[in-house]
Amino acid sequence: MKKLFARIKLPAFLEDERLLIVSAVMLVLAALDVIVAFFIRPLVAVLLLLFLIGLVAAVFYALATITANTNKYISDLSYRIKRGEQEALIKMPVGILIYDDRLNIEWANPYLQQYFGDQDFLGQPLSVVDPALGELVAGKQESNERQKIHWGDHEFEMIIQKSIGVVYLMDITRYAQIEAQAAEERVAIGQIFLDNYDELTQTMEDQARSTLNSYVTNQLTDWANNFGMFVKRIGDDRFLLIAYVRALKKVEKDKFHILDVIREETSKQNFPLTLSVGIAYGEADLGQLALTSQSNLDLALGRGGDQVVVRAKNEQARFYGGKTNPMEKRTRVRARMISGALQELFKQTDKIFVTGHQRPDMDSVGAALGIRRIAQMNGKECYVVIEPDQLHSDVQRLMQLIGKDPDTANAIITPEAALAQATGQSLFVMVDHSKPTITGAPALYDRLAARTVIIDHHRRGEEFPDNPMLVYIEPYASSTCELIAEMFEYQPTNVAGLNKLEATAMLAGITVDTRNFSLRTGTRTFDAASYLRSNGADSLLTQNLLKENVDAYIQKNHLIDSVEMITANMALCTGEETKPYDPVIAAQAADTLLSLNGIEASFVVTRRPDNRIGVSARSLGDINVQVIMERLGGGGHLSNAATQIDGKTVTQVTTMLREAIADEQAEN
């Protein structure tokens, strides 16, 4: 222990302090000895008294020495601290800028001066010396936190102390470059799917199939090699893509031109093949990255295929392609599988609630009635959820007819009534939409989000229920009523099927969405219409349901009177700023514009009854209005799309629409 203390080097004044303590102890002991000695031996007491006097003198001397040493130590330490601060201000690799209340530069340390060059900046306004830095400092004065900024050719971490007018700038360019390089070298995983491979090859001869396989594989391999990526065929209709993010950026800049190459070249051979691609990056977990890429592929397929979906972790999805009419690829096998899956779900539920989108149209209501009938054919209780205050004239006429049928009328309930009856085993079916924010029963969706089924014919958007139990989205179908009509073929035959009113409502839904069978129709559309007719659908009653009333006709013509041409083939109509228009009327106006010569796409901007600004977009198919609406936060179908915007005026939304159209044309 003594050796350990002997190695410790204490400051001089601390050693003197230790001496003072020892002396004080000895002084106390000596004083006690003198007192005792006076009673025993006076002579010894005198000697001790003299020793005591010397000891007191030594103590006072030690105290003076300690005081002097302490003052010297503190003075020396203060000097060294101030000298260190001065050296740090001048030599440390951190820029320091002092400014006054008017953002005039008062002082900058030498390290920061190198970024200003040779100019004389003291006393000058920061905005004049360097406008970019002046704007950054002026705009971020209220935050005392570290902020990353880009100034000139450098990246900095900046801290502003507004109270004393000081800016600290640490150059982190090197670290930012390392971070950027690491980000570009992260792995991206993609899955490539040949959309209609099975349909094309099932009638091909072996040699033709082999030729097609070789062509697609060679094209994808060459494309991947050109961009420094790796592609491996892992199935007849599926490829695995692995790339670095830097290569992915180059491919995105090229806008995945490979989709156009394969589609056009295979079309020349009368075997039009399209690709769907889902790519994910930004995850450290490769397993999760693969799952995300599959989810992105599902999104691409749900939007109609022939496109690419790229999405990083916590970022918005980016879409490429999808600018052509989707080919009819669904088969009756899929319709049978979905019908069977729906029956299994019905067996596991006590009640079924089906609803369309807000302000439902005839396709939405007809599809809901069709699902109710399927549920009844399987012995299940089902309710159609409709908000009675959101009905257009055609749906109101349908509701009046339904009112004459007590059995069906009792199954039409409000969202509030549905919410009161729902249980943990109930099933929620969304028809003619897949976005929770536009569903006709938002509270009911929140209650049954984990027990949701989606049946829709619109292209799937980014907003989508997290974990639906069953999804049937077919953008190739004309309407949701067409999809549901096909399911009846696989339902029990020993029970009552569609009645006349339900079949008529579904036929009206198909008629509305196809514009009297003139748009988006295929052989399956006419097959569905034929089936509905065979079940009693009345075409004359359909026409009566779809008749416009006088007020709606006047409003529609009023909108059409405001028509103007955005481009040579795009028409725009705008409603009055303060006047609300029924969304159905706006949609009808957009449809009517397409019947005019030379108009290939139409847009109608109006204020909706809920005070949001709505945009209805239609096209004949050559112009993809869906991608334009997606730029404004909406979506829909290639030739039929829409959006609703809060907090804007008609004029502002019209300007936004023009900019979106211009941006889309510039990119293509």
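**Cavity and helix packing in a predicted model**

Visitor: How much space lies in the largest cavity?
Guide: About 90 Å³. The model is predicted.

Visitor: How many cavities of 30 Å³ or more does the count come to?
Guide: The count comes to one.

Visitor: Which residues lie nearest the centre of the largest cavity?
Guide: T355, G356, P360, V385 and I386 lie nearest its centre, out of 15 lining residues.

Visitor: And how do the lining residues divide by type?
Guide: Six are nonpolar, seven polar and two charged.

Visitor: Which elements each supply at least two residues of that lining?
Guide: α14 (362-377) and β13 (381-385) do. α14 gives the most, with three residues.

Visitor: Staying with α14, at what angle do its axis and that of α15 cross?
Guide: The axes of α14 and α15 (residues 393-402) cross at roughly 30 degrees and come within 9 Å. Angles under 35 degrees count as roughly parallel, so α14 and α15 are roughly parallel to each other.

Visitor: Which residues make the contact?
Guide: On α14, M362, V365 and L369; on α15, D394, V395, L398, M399 and I402. Seven of the contact residues are nonpolar, none is polar and one is charged.

Visitor: Changing topic, what is the mean pLDDT of the protein?
Guide: The mean is 85, and 88% of the residues reach 70 or more.

Visitor: Where does pLDDT stay under 50?
Guide: Over residues 1-15. For that stretch the model has eight contacts beyond four places in sequence.

Key
Residues numbered from 1 in each chain as written. Predicted model: local features only at pLDDT ≥ 70, side-chain atom pairs only at ≥ 80, totals over all residues. Heavy atoms only, no water. 1 Å grid on protein atoms, 1.4 Å probe; cavity = no way out; pocket = protein on both sides within 12 Å on 5 of 7 lines; lining within 4 Å. Points joined across faces, edges and corners; volume = space filled by probe spheres on them. Helix = DSSP H or I, 4+ residues; strand = E, 2+ residues; numbered from the N terminus. Nonpolar A, V, L, I, M, F, W, Y, C, P; charged D, E, K, R; others polar. pLDDT = per-residue confidence, 0-100. Contact = heavy atoms within 4.5 Å. Axes fitted to C-alpha atoms, helices over the stretch in contact; angles between N-to-C directions. Parallel < 35°, antiparallel > 145°, perpendicular 65-115°, else oblique.
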